Amino acid sequence: GLPVGTDATVRQAESRAGLLHLGVRDCEFWDYPDGDLPFGGPIADRYRSLVARYGPSHILLPHPAESHPDHRALTRGWLSALQGHWSGTLWFYETTQPCQPVNRLEDATDSLEHKLAALASHESQLASFDYVRHCRLLAEMRGLTAGNAAAEAFLVFDWDGSPQQFFVSEPLVSIVVRASDASLVKHALESLSQQTYPWIEI
């Protein structure tokens, strides 16, 4: 995501530099602004296109309990787009906060410094939030449970592509839209499309 007024090339250069610390050289930028990642629409076709191109058996996504709106929109968008179109193993990961539930801990002792170096590449973001410190503390906390110096926690789920309530901590809200004027229905649906609550049906 890009804060309003931020030069996209700065964030892209930082991302490329960070990924090099992890041995990744192939990446794409879709240039959506910060806080405005769409849940559905044309982006769903792009998600499915990526899966068709690479044929992954595993997909990593932000944990459904993540608080960042773009992280949540990304996970919701991928799950919605791939429902009925893909099956495989989902790995939901944490970023800077502990999330529940998790069912797998991976030893990160040898890889933690590489991850922190990758995060340190995002200088424009570190000015407002110390991601490096928070990620180190999270890894060390998870390491206490795993019996390692550092660990990464995941919610791992073998998915057959069927409908699932991944956002289990939030109740489904059903919304009935009634109006005798078609323009009012359009207005109501446009308003609903702007809601940030992640689990609604209309």
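Predicted model: local features only at pLDDT ≥ 70, side-chain atom pairs only at ≥ 80, totals over all residues.
Two residues are taken to be in contact when heavy atoms of the two lie within 4.5 Å. The protein has 202 residues, of which 30% count as buried, and its C-alpha trace spans about 60 × 40 × 35 Å along the principal axes. Its secondary structure comes to seven helices and six strands, and these follow one another along the sequence in the pattern α-α-β-α-β-β-α-α-α-β-β-α-β.

Four of the strands form an open sheet with mixed pairing, in which the order is S1-S2-S4-S3. Strand S1 (58–62) and strand S3 (104–107) each have a single partner strand and stand at the edges, so that one side of each is left without a neighbour in the sheet. From one strand to the next, the twist averages 35°. Helix H3, which comprises residues 69–82, packs on this sheet and touches S1, S2 and S4, and its direction makes about 145° with that of S1.

The pairing on the two sides of strand S2 can be described in turn. With S1, strand S2 pairs in the parallel sense over five bridges, and within this pairing Pro62 has Tyr93 of S2 as its bridge partner. With strand S4 (residues 151–159), strand S2 (residues 88–93) runs antiparallel, the two being joined by six bridges; here Leu90 has Phe157 of S4 as its bridge partner. Strand S2 is also mostly covered, since five of its six residues are buried.

In soluble globular proteins, nonpolar side chains tend to be buried together. In this model the largest nonpolar core has 20 residues, and those with the most contacts inside it are Ile59, Trp78 and Leu90. Helix H2 (42–54), strand S1, helix H3 and strands S2 and S4 each supply at least two residues of this core. When residues up to four places away in sequence are not counted, Ile59 touches Val51, Trp78, Leu82, Trp86, Thr89, Leu90 and Trp91.

Aromatic rings with centres within 6.5 Å are counted as pairs, and the count comes to five aromatic pairs. In one of them, the rings of Trp86 and Trp159 have their centres 6.3 Å apart and their planes at 55°, so the pair is tilted. This pair links distant parts of the chain, as Trp86 lies in the loop between H3 and S2 whereas Trp159 belongs to strand S4, 73 residues apart. Trp86 has a relative accessible area of 8% and is therefore buried, and Trp159, with a relative accessible area of 3%, is buried as well. Elsewhere, ring pairs link Trp30, Tyr47 and Trp78 into a cluster.

Two loop residues may be considered in more detail. Ala65 is found in the loop between S1 and H3, where, at 29% relative accessibility, Ala65 counts as partly exposed. Apart from its neighbours within four places in sequence, Ala65 is in contact with Arg72, Gln97, Cys99 and Gln100. The C-alpha atoms of Ala65 and Tyr93 are 9.8 Å apart in space, while the two residues are 28 residues apart in sequence. Tyr93 is the residue named above as the bridge partner of Pro62.

The other loop residue, Ser121, lies between helix H4 (112–120) and helix H5 (123–126). At 13% relative accessibility, Ser121 counts as buried, because the cut-off for burial is under 20%. A polar atom of the Ser121 side chain lies 3.3 Å from the backbone oxygen of Ala117. Not counting residues up to four places away in sequence, Ser121 touches Glu14, Ala17, Gly18 and His21.

Terms used: Residues numbered from 1 in each chain as written. Heavy atoms only, no water. Pairing = 2+ DSSP bridges. Axes fitted to C-alpha atoms, helices over the stretch in contact; angles between N-to-C directions. Buried < 20%, exposed > 50% of the residue type's maximum accessible area, 1.4 Å probe, protein only. Polar contact = N/O pair within 3.5 Å; in protein donor to acceptor, adjacent residues only side chain to side chain. Core = buried A, V, L, I, M, F, W, Y, C linked by side-chain atoms within 4.5 Å. Phe/Tyr/Trp six-rings, centres within 6.5 Å; stacked < 30°, edge-to-face > 60°.
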